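Dear colleague,

My notes on what was found in it follow directly after.

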Amino acid sequence: MAMMKIKKGDEVRVIAGKDIHKEGKVLEVNAKQNTVTVEGINIVTKHQKPSMANQAGGRIETEAPINISNVMLLHKGEPTRVGFKMDGDKKVRYAKKTGDVID
């Protein structure tokens, strides 16, 4: 499995779909399905039956995962592609637009 270019906690911008041009923080990354869950993006309504945890039940709004190809990493407020390079003996991510090391 290839290394993911977007990690949990990164700020991303949506570049395709119903929430295009919206920005948010990555809450979860699923490498097997190539999806990310972004805070406040792709809100869906789920109908929940009453249970012990949720006594009232009803309609609950939650974030659904979107494909990782539909988001772009934000570096210094600008969307950029991400690459990998060796920094000494350590593999690091870098912003292709500026060349800066991300982490």
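Strands (E, at least two residues) are DSSP runs, as are helices (H or I, at least four), and they are numbered from the N terminus.

Before going further, please note that this is a predicted model, in which local features need pLDDT of at least 70 and side-chain atom pairs count only at pLDDT 80 or more, whereas totals for chains, interfaces and linings use all residues. Residues are numbered from 1 along each chain as its sequence is written, and side-chain values use heavy atoms, with hydrogens and water left out.

By the rule given above, the count of salt bridges comes to five. Another of them joins Asp100 to Lys76, with the closest N and O atoms 2.9 Å apart; this pair also links distant parts of the chain, with Asp100 in the segment after strand 10 and Lys76 in the loop between strand 7 and strand 8, 24 residues apart. Asp100 counts as partly exposed at 25% relative accessibility, while Lys76 is exposed, at 69%. Lys22 and Asp19 also meet in a salt bridge (3.2 Å, N to O), and here Lys22 is partly exposed at 41% and Asp19 buried at 9%.

Turning to the fold, an open sheet of six strands has the order 6-3-2-1-7-8, with antiparallel pairing, two strands being paired if DSSP finds at least two bridges between them. Strand 6 (66–67) and strand 8 (78–80) stand at the edges, each with a single partner strand, so one side of each lacks a neighbour in the sheet. Strand 1 (residues 11–14) is joined by three bridges to the antiparallel strand 7 (residues 71–75), and likewise by three bridges to the antiparallel strand 2 (residues 23–30). Arg13 has Glu23 as its bridge partner in strand 2 and Met72 in strand 7, while Val14 stands opposite Val71 in strand 7. The covered face of strand 1 carries Val12 and Val14, and its uncovered face Glu11 and Arg13.

The largest nonpolar core has 11 residues, among them Val12, Val14, Val36, Ile66 and Val71; such a core is a set of buried Ala, Val, Leu, Ile, Met, Phe, Trp, Tyr and Cys residues joined through side-chain atoms within 4.5 Å. Strand 1 and strand 3 are the elements that give two or more residues to this core. Val36, found in strand 3, is buried at 0% relative accessibility, and, leaving aside neighbours within four places in sequence, its contacts (heavy atoms within 4.5 Å) include Val26, Ile66, Ile68 and Val71.

Finally, Lys85 lies over the face of Tyr94, at 5.0 Å from the ring centre, and the charged end of Lys91 sits over the ring of Phe84, 4.9 Å from its centre; the rule requires NZ of Lys or CZ of Arg within 6 Å of the ring centre and within 35 degrees of the ring normal.

With best regards

Note on methods: Buried means under 20% relative accessible area, exposed over 50%, partly exposed in between (1.4 Å probe, protein chains only). A salt bridge is a side-chain nitrogen of Lys or Arg within 4 Å of a carboxyl oxygen of Asp or Glu.
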